[in-house]
Amino acid sequence: MELAFPALSPTMKTGNIAKWMVKIGQKIAPGDHLCDVETDKATMAWEAQEDGFVAAILKEDGASDVAVGEIVMVLCESVSDVKAFENFKPSAPQAAAAAAAPQAAAPPPKAPQPAAPSKPAASPAAAPASAPANVTVGGNLLQQLKAKKWAFSKEFGLPAAQCNYY
């Protein structure tokens, strides 16, 4: 399994590998510290997400300007498979795709617009009830849940305290 260089911050496009904490042939498990990654803001630990054995490390300690998505490490399922990856090179299409991926990434999708209410508003006072349904993604989660609870209570004519749908 090929591991791509992670984006450890939202604005990260490239980073540096400060130091590998694993060696070729070493068994790793989820949560193990793979290496220290220098981002545009700080140095952070990159942790394993899968079980396996380190088969190849494609970027050495101190590698700089490593593009997010570039293949930097290979894992295999068995220690006996490690020897097969001794001269491993990522295939050209994968390496090119990984380098182009951050540049070609589409902007995040916008929050879906709620469907028009099935019943028309009875009065102008009822119109604000649909306003909290346009909660933006990335805001305070507690505020979003409270706004949805409020909108739900207004839509079905219930006191907000009785609306425990989450």
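**Exercise 1. The tryptophans**

Decide whether tryptophan 46 is buried or exposed.

Step 1. Tryptophan 46 has a relative accessible area of 9%, so it is buried. Buried means under 20% relative accessible area, exposed over 50%, and partly exposed in between (1.4 Å probe, protein chains only).

Step 2. Note what kind of model this is. It is a predicted model: local features need pLDDT of at least 70, side-chain atom pairs need 80 or more, and totals for chains, interfaces and linings use all residues. Residues are numbered from 1 along each chain as its sequence is written, and side-chain values use heavy atoms, without hydrogens and water.

Step 3. Now look for aromatic pairs. The whole structure holds one. Its members are tryptophan 20 and tryptophan 46, with 6.3 Å between centres and 50 degrees between planes, a tilted arrangement. Rings of Phe, Tyr and Trp (its six-membered ring) pair with centres within 6.5 Å; planes under 30 degrees apart are stacked, over 60 edge-to-face, the rest tilted.

Step 4. Tryptophan 20 belongs to strand S2, tryptophan 46 to strand S5 (residues 43–47), and 26 residues separate them, so the pair links distant parts of the chain. Strands (E, at least two residues) and helices (H or I, at least four) are DSSP runs, numbered from the N terminus.

Step 5. Check the partner. Tryptophan 20 is also buried, because its relative accessibility is 5%.

**Exercise 2. The whole chain**

How many helices and strands does the protein chain have, and in what pattern?

Step 1. Count the elements: two helices and eight strands.

Step 2. Read along the sequence. The pattern is β-β-β-β-β-β-β-β-α-α.

Step 3. Turn to burial. The protein chain has 166 residues, and 26% of them count as buried.

Step 4. Look at contacts (heavy atoms within 4.5 Å). Among those in the protein chain with a separation of 6 or more, 53% join residues 24 or more positions apart.

**Exercise 3. The sheet with S5**

Work out the strand order of the open sheet that contains S5.

Step 1. Write the order. Four strands run S5-S4-S2-S7, with antiparallel pairing. Two strands pair if DSSP finds at least two bridges between them. Strands of a sheet pair through backbone hydrogen bonds.

Step 2. Find the edges. S5 and strand S7 (66–67) each pair on one side only.

Step 3. Take S4 and S5. Strand S4 (residues 33–38) meets S5 through five antiparallel bridges. Glutamate 38 faces threonine 43 in S5. Valine 37 stands opposite methionine 44 in S5. A hairpin of four residues connects S4 to S5.

Step 4. Take S2 and S4. Four bridges hold this antiparallel pair. Asparagine 16 has glutamate 38 in S4 as its bridge partner.

**Exercise 4. A serine in a loop**

Locate serine 9 and list the residues that it touches.

Step 1. Find the loop. Serine 9 sits between strand S1 (2–4) and strand S2 (14–20).

Step 2. List its contacts. Leaving out residues up to four places away in sequence, serine 9 touches Thr39 and Asp40.
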